[in-house]
Amino acid sequence: MISLEEALSQILNAIHPLGLEKVNLLDTLGRVIGEDILASRPIPPKNNSAMDGYALCWEDTRGASREIPVILEVIEDIPAGSIPSKTVGKGQAVRIMTGAPVPEGADAVMRMEDTEKDGQQVRIFVEAAKGQDIRNAGEDVRKGEKVISRGDILRPAEIGMLAALGRSFISVYQRPLVAILATGDELVDVDENPSPWQIISSNSYALAAQILDCGATPLQIGIAKDTREDLTAKFKTALRADLIISSGGVSVGDYDLVKDIMKEVGNRMQFWQVAMRPGKPLAFGAMNNIPLFGLPGNPVSSMVSFEQFVRPSILKLMGHRNLFRRTVRALLKEPIDKKKGTRHFIRARITFEDGRYRVVSTGEQGSGILKSMVKANGLIVLPEETTSVKVGETVMVQLIDQSLVQTDQLEYL
Ligand code: AMP
Ligand code: MG
């Protein structure tokens with residue numbers, strides 16, 4: 001037996017981030033950036049107006065009021081995008097639109113509402129403060145400032161910033177191609193017509209979806225029969241992937257063919273009994289230096305093992321710094337007994353009520369009960385040494401989806 005920590009640390013030590021590729025700005029959403037972004041220009045590039053109004057010298061407006069307005073000569077009109085041609089001098093103003101560059105000489109903008117146009121002149125009804133309603137060049141971003149760091153995840157805000165800096169091609173970590181091979185004579189694909197004793201290879205799809213959920217690309221290798229020839233041939237077709245996952249055939253007492261073939265086609269293969277439940281059997285090694293995972297075949301074991309071992313590995317391949325799902329502490333709503341010596345992952349429903357997380361298991365916990373995953377949004381993680389937990393005790397729950405982040409109510413109202 002090997003502990004989960006030990007297995008995970010050996011796995012992650014063997015996984016290294018993939019290379020970088022340059023992609024179109026909009027294809028970077030959710031990806032990890034592979035370069036530091038230093039601003040090539042200030043934002044805004046020039047002082048510009050924050051209001052529609054008049055650019056003027058603030059000192060000219062001293063003493064201005066509704067009753068005794070200051071009268072200035074309007075020397076130019078500057079819509080957004082046009083370049084001022086004149087310098088604003090004493091007693092002068094230019095009509096200016098939001099976003100338009102503030103002309104030389106002007107040091108304040110007076111909003112339209114506090115003015116009245118009269119031919120070539122404008123009446124100013126209030127005093128201006130120095131710099132008012134001017135957005136200064138570089139007030140958002142200084143030229144040369146580092147705005148995004150290598151390793152950051154690109155969200156809509158970062159994409160906006162990259163666009164603002166004129167960057168339409170960005171270097172990001174590659175998305176791994178992850179091969180999935182289901183193994184088992186009893187398996188058929190989803191569109192085949194199964195005889196009553198055949199099983200549809202749901203793992204092929206659950207795993208593919210888990211891979212997509214990581215931001216990686218699944219590659220279906222298909223279903224291998226439990227024969228030497230078919231397993232060898234199918235494993236070899238996985239060689240163009242960046243990571244290979246098989247399911248089935250690694251348990252104790254299993255027909256050992258999958259393990260035998262993995263030993264032949266793979267290198268540094270380890271066949272572990274991890275002190276966890278579900279997901280005790282686990283194979284890990286490489287094939288032509290491509291990391292290779294042999295996951296257990298039971299649908300829940302396959303998914304839970306993926307969560308604990310494969311997901312962090314894929315995220316590491318993709319350059320992510322944060323490899324793990326968040327774990328929160330929750331009040332248990334029902335008692336749970338377990339065997340000492342293994343870490344249990346109990347499929348559970350976690351909710352946030354009255355300012356606290358509360359959690360209940362999703363029922364029958366057999367490793368073939370896929371429904372226990374369908375109902376779950378978290379995994380209660382019970383440590384090796386624990387034998388029982390009571391109602392009201394605090395347990396760790398690993399969150400496995402976004403259900404606690406999204407809600408049906410606008411909660412701030
Ligand atoms: P194994 O690990 O190959 O002994 O499989 C354990 C159990 O998981 C058996 O009941 C299999 O039928 C089932 N199983 C194996 N692979 C799959 C799969 N791809 N999809 C659904 N069930 C599977
Ligand atoms: Mg099998």
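The legends below accompany close-up views of a predicted model.

**View 1. Division of the chain into domains.**
In this predicted model, the chain is divided into domain 1 (4–17 + 175–317), domain 2 (20–41 + 147–173), domain 3 (48–135) and domain 4 (327–399). Domain 1 and domain 2 are each written as two segments of the chain, and the C-alpha centres of domain 1 and domain 2 lie 33 Å apart.

**View 2. The largest pocket and the residues that line it.**
The largest pocket has a volume of about 740 Å³, and its lining is made up of 21 residues, of which Ile153, Arg311, Leu315, Arg325 and Gln402 lie nearest the centre of the pocket. Sorted by class, the lining of the largest pocket comprises nine nonpolar, five polar and seven charged residues. Domain 1 (4–17 + 175–317) and domain 2 (20–41 + 147–173) each contribute at least three residues to the lining of this largest pocket.

**View 3. The second largest pocket and its contributing strands.**
The second largest pocket holds about 410 Å³ of space and is lined by 24 residues, with Arg277, Pro278, Gly279, Gln365 and Ser367 lying nearest its centre. At least two lining residues of the second largest pocket are supplied by each of strand S19 (276–277), strand S23 (336–337) and strand S24 (343–353), and the largest share of that lining, four residues, comes from S24. In terms of class, the lining of the second largest pocket divides into eight nonpolar, ten polar and six charged residues. Domain 1 (4–17 + 175–317) and domain 4 (327–399) each provide at least three residues of the lining of the second largest pocket.

**View 4. An open sheet of six strands that includes S5 and S6.**
The strands of this open sheet follow the order S7-S4-S6-S5-S9-S8, and their pairing is mixed. Strand S7 (108–111) and strand S8 (115–118) stand at the edges, where each has a single partner strand, so one side of each is left without a neighbour in the sheet. From one strand to the next, the twist averages 35 degrees. Within the sheet, strand S5 (residues 70–78) and strand S6 (residues 92–96) pair in the parallel sense over five bridges, and Glu76 stands opposite Val94 in S6.

**View 5. An open sheet of six strands that includes S20 and S21.**
Six strands form this open sheet in the order S16-S13-S17-S21-S20-S18, again with mixed pairing. The edge strands are strand S16 (217–224) and strand S18 (267–273), each of which pairs on one side only. The twist in this sheet averages 15 degrees from one strand to the next. Strand S20 (residues 281–287) and strand S21 (residues 290–295) run antiparallel and are joined by five bridges, with Gly294 in S21 as the bridge partner of Ala283.

**View 6. Lys259 in helix H5.**
Lys259 is placed in helix H5 (residues 257–265). Its relative accessibility is 14%, and because residues under 20% are classed as buried, Lys259 counts as buried. Between the C-alpha atoms of Lys259 and Gly99, which stand 160 residues apart along the chain, the separation is 67 Å.

Definitions and conventions:
Residues are numbered from 1 along each chain as its sequence is written. Chains are lettered from A and ligands numbered from 1 in the order in which they are written. This is a predicted model: local features need pLDDT of at least 70, side-chain atom pairs count only at pLDDT 80 or more; totals for chains, interfaces and linings use all residues. Side-chain values use heavy atoms; hydrogens and water are left out. On a 1 Å grid over the protein atoms alone, a cavity is a set of points where a 1.4 Å probe fits but cannot get out, and a pocket is an open set with protein on both sides within 12 Å along at least five of seven lines; lining residues have an atom within 4 Å of a point. Grid points are joined across faces, edges and corners, and a volume is the space filled by probe spheres set on the points. Ala, Val, Leu, Ile, Met, Phe, Trp, Tyr, Cys and Pro count as nonpolar, Asp, Glu, Lys and Arg as charged, and the others, Gly among them, as polar. Domain bounds come from an automatic or database domain assignment. Two strands pair if DSSP finds at least two bridges between them. Axes are lines fitted to C-alpha atoms, for helices over the stretch in contact, and angles run from 0 to 180 degrees between N-to-C directions. Buried means under 20% relative accessible area, exposed over 50%, partly exposed in between (1.4 Å probe, protein chains only).
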